Amino acid sequence: MAIRLGDTAPDFTQDSTEGPVSFHDWIGSGWCVLFSHPADFTPVCTTELGRVASLKSEFDKRGVKCLALSVDPLEDHNKWSRDIEETQGTALNFPILADADRKVSDLYDMIHPNADNTLTVRSVFIIDSNKKVRLILTYPASTGRNFDEILRVIDSLQLTDSHKLATPADWKEGDDCIIVPAVSNEEAAELFGEFTEVKPYLRTVPQPAG
Ligand code: BEZ
């Protein structure tokens, strides 16, 4: 059955470049980005995995672990890892699942047969500390992902989990936020102090600290 936002991320055990991963135990009490790429030794994927490795401190700051996947075997992942380090200037610092038996790809519907019969598409799942799926993205093989966007969504999710706020189009950390419609003006004043009422349904407030 399709995985939807709010579902518990399906658990699995699979081999990886850092040993067997029992997914829920491996995530622990933090957040996770699980993402697939079509194949090892391919150019776009090489840049993507290098980029994720270079963003480790940004993911760490947000309490997020990254976990990559393709249907290639472990020995290919290990050989390709050396190419990534050489060409992207950063050694991998997160595991790549070796999903040759497609256990995880099938569980997460990462193979879209009308795009490619055997290779995974570029899927992204953001999973929170309750193991709930909070974002699902699917990109084609020809388009490398923007991992700044993944970090931006994590910032929005973590902010709006702890405040009665939402974030507008193109929001980024530090920009004004939107007060959710369920909050009355009286409650908004109590929670946030001053706010701007552009329309009764469109009220903005500076991003709260913390
Ligand atoms: C790539 O990562 O460059 C790629 C992989 C599969 C198909 C097309 C491009």
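Trainee: Among contacts in the protein chain between residues at least 6 apart in sequence, what percentage join residues at least 24 apart?
Mentor: A caution first: this is a predicted model. The chain has seven helices and eleven strands. Take the contacts between residues at least 6 apart in sequence; the share joining residues at least 24 apart is 65%.

Trainee: How much of the protein chain counts as buried?
Mentor: The C-alpha atoms fill a box of roughly 60 × 40 × 35 Å along the principal axes. The chain has 210 residues. The share that counts as buried is 43%.

Trainee: How do the axes of H2 and H4 lie: roughly parallel or roughly perpendicular?
Mentor: H2 covers residues 43-54 and H4 covers residues 74-88. Their axes come within 9 Å and cross at roughly 75°. Angles of 65 to 115 degrees fall in one class, so H2 is to H4 roughly perpendicular.

Trainee: Which residues of H4 make the contact with H2?
Mentor: From H2 come Cys45, Thr46, Thr47, Leu49 and Gly50. By class, the contact has four nonpolar, five polar and no charged residues. On the H4 side, the residues are Trp80, Ile84, Thr87 and Gln88.

Trainee: What span does H4 reach from its first C-alpha to its last?
Mentor: H4 has 15 residues. At 1.5 Å a residue, 21 Å is expected. The model comes close to that, with a reach of 20 Å.

Trainee: Why are the buried residues of H4 placed on the same side?
Mentor: The buried residues are His77, Trp80, Ser81 and Ile84. They are on the same side of H4 because they cover an arc around the axis of only 125°.

Trainee: Which exposed residues does the face of H4 turned away from its buried side carry?
Mentor: Start with the buried side. Its cover includes H2, strand S4 (64-70) and strand S5 (96-98). The face turned away carries Glu75, Arg82 and Glu86.

Trainee: What distance separates the C-alpha atoms of Val183 and Leu165?
Mentor: Along the chain, Val183 and Leu165 are 18 residues apart. Their C-alpha atoms are separated by 9.1 Å.

Trainee: Arg62 is in a loop. Is Arg62 buried or exposed?
Mentor: That loop runs between helix H3 (56-61) and S4. Leaving out residues up to four places away in sequence, Arg62 touches Leu151, Ile154, Asp155 and Gln158. Its relative accessible area is 16%. Buried means under 20%, so Arg62 is buried.

Trainee: Where does Asp109 lie?
Mentor: Asp109 is not a glycine, yet has a positive phi of about 55°. Most residues other than glycine have a negative phi. Asp109 is partly exposed, at 47% relative accessible area. Its place is the loop between helix H5 (103-107) and strand S6 (122-127).

Notes. Residues are numbered from 1 along each chain as its sequence is written. This is a predicted model: local features need pLDDT of at least 70, side-chain atom pairs count only at pLDDT 80 or more; totals for chains, interfaces and linings use all residues. Side-chain values use heavy atoms; hydrogens and water are left out. Axes are lines fitted to C-alpha atoms, for helices over the stretch in contact, and angles run from 0 to 180 degrees between N-to-C directions. Helices (H or I, at least four residues) and strands (E, at least two) are DSSP runs, numbered from the N terminus. Angles under 35 degrees count as roughly parallel, over 145 as roughly antiparallel, 65 to 115 as roughly perpendicular and the rest as oblique. Contact means heavy atoms within 4.5 Å. Ala, Val, Leu, Ile, Met, Phe, Trp, Tyr, Cys and Pro count as nonpolar, Asp, Glu, Lys and Arg as charged, and the others, Gly among them, as polar. The expected span of a helix is 1.5 Å times one less than its number of residues. Buried means under 20% relative accessible area, exposed over 50%, partly exposed in between (1.4 Å probe, protein chains only). The arc is that of the directions from the helix axis to the C-beta atoms.
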